[in-house]
Amino acid sequence: MKKIFAFLLLFCHLTAHAQQQFARIGEFKTTGGGVISDCRVGYRTLGRLNAERSNAVLWPTWFGGTSEQLVGGAIPGAIDTSGLFIIAVDALGNGVSSSPSNTPDFPDITVRDLVNSQHELLVKHLKINHLSTVMGISMGGMQTFEWLLVYPGFMDKAVSIVGTPKQSAYDLLLWRTEADLIEKAGNNLPARLSAMEEVLKVHALHLQTPAYWARTEKPENLDAKLAQISKSRGNLHPDDWLCQLKVMMKHDIYSSSGKSLADLKSAVKARVLVIAAKRDLMVNPAPSVEFAGALGCELLEPDNDCGHIPGMCEGEMIRRRINGFLKNDPPQVIRLYPGKAPGSENWDWEEKENNNNLFQTKVIYNVSTPTLTAFLPDPAIASGTAVVVCPGGGFHTLSIEREGFDVARWLAERGVAAFVLKYRLVRSKTDDPVGELLAKLQGDRKKFDEENLPTVKMAIADGKAAITYLRAHAAEFGISRVGIMGFSAGGSLTAGVAYSYTPDCRPDFVAPIYGYNRAFEKMPVPADAPPMFLAVATDDPLGFAPLNTQLYNDWIAAGISAELHVYAKGGHGFGMRKQNLPTDRWIERFGEWLALNGWMK
């Protein structure tokens with residue numbers, strides 16, 4: 001598989017190979033009670049360890065892969081390696097480190113054993129007691145997930161690329177099919193080598209999607225392609241292949257750690273980026289998406305026909321996201337007003353955040369100084385479009401992650417400059433702003449709206465000021481059009497702007513998502529109102545679906561372009577939250593709408 005895997009994740013940027021090294025860690029006891037005598041772990045390094053020993057990155061190999069392939073293509077293709085000390089480690093069973101092919105009486109092993117051997121390499125051999133990052137591709141991503149729960153305080157960040165925290169039934173079916181083909185050949189090496197040719201065909205069949213094969217291969221060239229796949233076996237030994245198949249088949253971080261999805265937020269200490277390819281036919285993305293949702297970590301879901309190797313189709317986008325995560329460059333924060341915000345000059349309370357609430361996501365509250373947080377696209381893909389993103393939270397809180405920053409990242413990765421607006425909120429009297437909000441919502445809704453109205457007007461003013469600011473700084477940000485979108489209360493703000501703008505703050509488009517248009521005083525639809533995109537769920541427990549359909553009808557009746565998506569299920573506040581429902585893909589419909597109008601490439 002060397003020639004196939006050479007392109008894993010990204011275009012291969014070949015570099016001089018780092019020298020193969022080995023750490024002999026002595027008698028290694030496995031989690032199953034077996035022993036690997038004179039166990040050795042292969043590795044290669046890129047870069048230099050700094051004086052503070054704070055720049056070390058551990059990168060385990062993928063299934064069947066080697067550290068030579070990592071340093072020779074995948075790593076320099078995936079990330080900017082400058083300033084990093086990267087340890088590309090050969091996972092046990094890969095034919096370089098201790099494996100069935102080079103070690104007599106090699107026992108069954110698990111992903112936990114791979115991780116434990118790597119920990120010994122770091123601590124006892126390299127004298128490294130803390131890592132900046134653990135990251136890996138495919139089975140390397142599986143090892144990354146295991147690291148998070150086995151040694152939670154050992155790394156600051158973790159990146160799993162098309163890995164999984166546990167196998168799905170489909171994954172197990174694939175791995176078991178490959179294992180059966182080898183085992184049914186018996187213990188005769190020539191017969192197993194012959195079986196490997198069929199194994200590699202099955203494996204290649206799942207690396208990309210049928211659409212990819214139809215797009216890139218002609219039927220009349222299939223024989224030549226099959227011969228290429230057969231020759232790609234190189235030095236891969238069937239016993240090693242079988243060993244690592246069994247490693248993956250047993251992989252389940254919840255079983256091995258005794259933790260559940262509900263335990264992740266307290267158990268995982270590192271910042272995490274999960275990359276799960278939506279059309280991956282080799283490692284099902286669902287368990288990774290579920291993990292990211294439970295942890296509340298960053299999630300990137302490439303959607304292309306390259307399947308398990310999404311970087312072959314969207315390499316630059318993935319590289320930018322990983323580099324941004326590793327460098328942790330803070331987004332630019334812009335104060336919306338030069339001094340105190342007009343109308344709230346006497347507000348002197350401190351903005352706060354809360355991570356433990358019934359919304360189960362980070363919220364910001366007591367905002368008195370409105371700001372924009374900028375998420376800018378790579379200039380190479382910039383579309384010239386900017387969007388002001390307004391999180392929701394009943395004008396008492398801001399769901400800053402899944403209705404703010406996550407949305408902004410999605411847009412920036414696709415060439416749209418996104419600016420998350422922290423607008424003014426009703427002051428909370430306790431450190432449980434969500435609890436306060438929910439208590440009020442259970443009471444008189446009309447009274448709630450009346451009490452909110454002065455703050456709602458300020459929030460709408462903040463939305464207008466954001467558009468005015470971006471128009472005044474268009475050259476600085478490379479933008480030629482500005483839209484605004486928002487969620488729930490942020491959707492109310494967005495609709496409020498759509499009704500009441502002046503020429504200097506007219507948005508080029510608006511997108512209220514499950515908004516509440518009774519939060520402000522309704523006015524006639526302006527004659528030159530901007531195009532509108534709406535999305536809402538019929539089962540919204542707050543009853544916002546009819547309000548959104550009425551807003552759509554008002555726009556259409558006024559002769560203004562509008563697009564409405566009403567989902568049967570999704571509830572309220574779905575934002576970027578994953579529920580395994582069609583609402584998970586609402587933002588893709590929004591992207592299609594932007595592209596249809598020429599606002600996104």
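1. Helix H2 and helix H13. Pro-76, Gly-77 and Ala-78 of H2 are in contact with Arg-319, Ile-322 and Asn-323 of H13 (contact means heavy atoms within 4.5 Å). By class, this contact has 3 nonpolar, 2 polar and 1 charged residues; Ala, Val, Leu, Ile, Met, Phe, Trp, Tyr, Cys and Pro count as nonpolar, Asp, Glu, Lys and Arg as charged, and the others, Gly among them, as polar. H2 covers residues 67–78 and H13 residues 311–327, and their axes come within 8 Å and cross at roughly 70°. That makes H2 roughly perpendicular to H13 (65 to 115 degrees; under 35 is roughly parallel, over 145 roughly antiparallel, and the rest oblique). Axes are lines fitted to C-alpha atoms, for helices over the stretch in contact, with angles from 0 to 180 degrees between N-to-C directions. Helices (H or I, at least four residues) and strands (E, at least two) are DSSP runs numbered from the N terminus.

2. Basis of the model. This is a predicted model, in which local features need pLDDT of at least 70 and side-chain atom pairs count only at pLDDT 80 or more, while totals for chains, interfaces and linings use all residues. Residues are numbered from 1 along each chain as its sequence is written, and side-chain values use heavy atoms, with hydrogens and water left out.

3. Helix H12. In H12 (residues 286–295), the buried residues are Pro-287, Ser-288, Val-289, Phe-291, Ala-292 and Leu-295 (buried is under 20% relative accessible area, exposed over 50%, partly exposed in between, with a 1.4 Å probe and protein chains only). Their cover includes helices H4 (139–150), H10 (253–257) and H11 (264–267), and strands E7 (271–275) and E8 (298–300). Just after H12, Gly-296 has a positive phi of about 75°.

4. Asn-366. This residue lies in the loop between strand E11 (363–365) and strand E12 (371–375). Asn-366 is buried, at 6% relative accessible area. Its side chain reaches the backbone nitrogen of Ser-428 at 2.7 Å. Leaving aside residues up to four places away in sequence, Asn-366 touches Trp-349, Glu-350, Glu-351, Leu-425, Val-426, Arg-427 and Ser-428.

5. Cysteines. The structure holds 1 disulfide (a pair of cysteine sulfur atoms within 2.5 Å). Cys-306 and Cys-313 form it, with sulfur atoms 1.9 Å apart. The torsion about their S-S bond is about 70°, so the disulfide is right-handed. Cys-306 is buried at 1% relative accessible area, whereas Cys-313 is partly exposed at 33%. Cys-390 is buried at 0%; the closest cysteine sulfur, in Cys-505, is 13 Å from the sulfur of Cys-390, too far for a bond.

Technical notes: A polar contact is a pair of N or O atoms within 3.5 Å; within protein, one must be able to donate a hydrogen and the other to accept it, and residues adjacent in sequence count only if both atoms are side-chain atoms.
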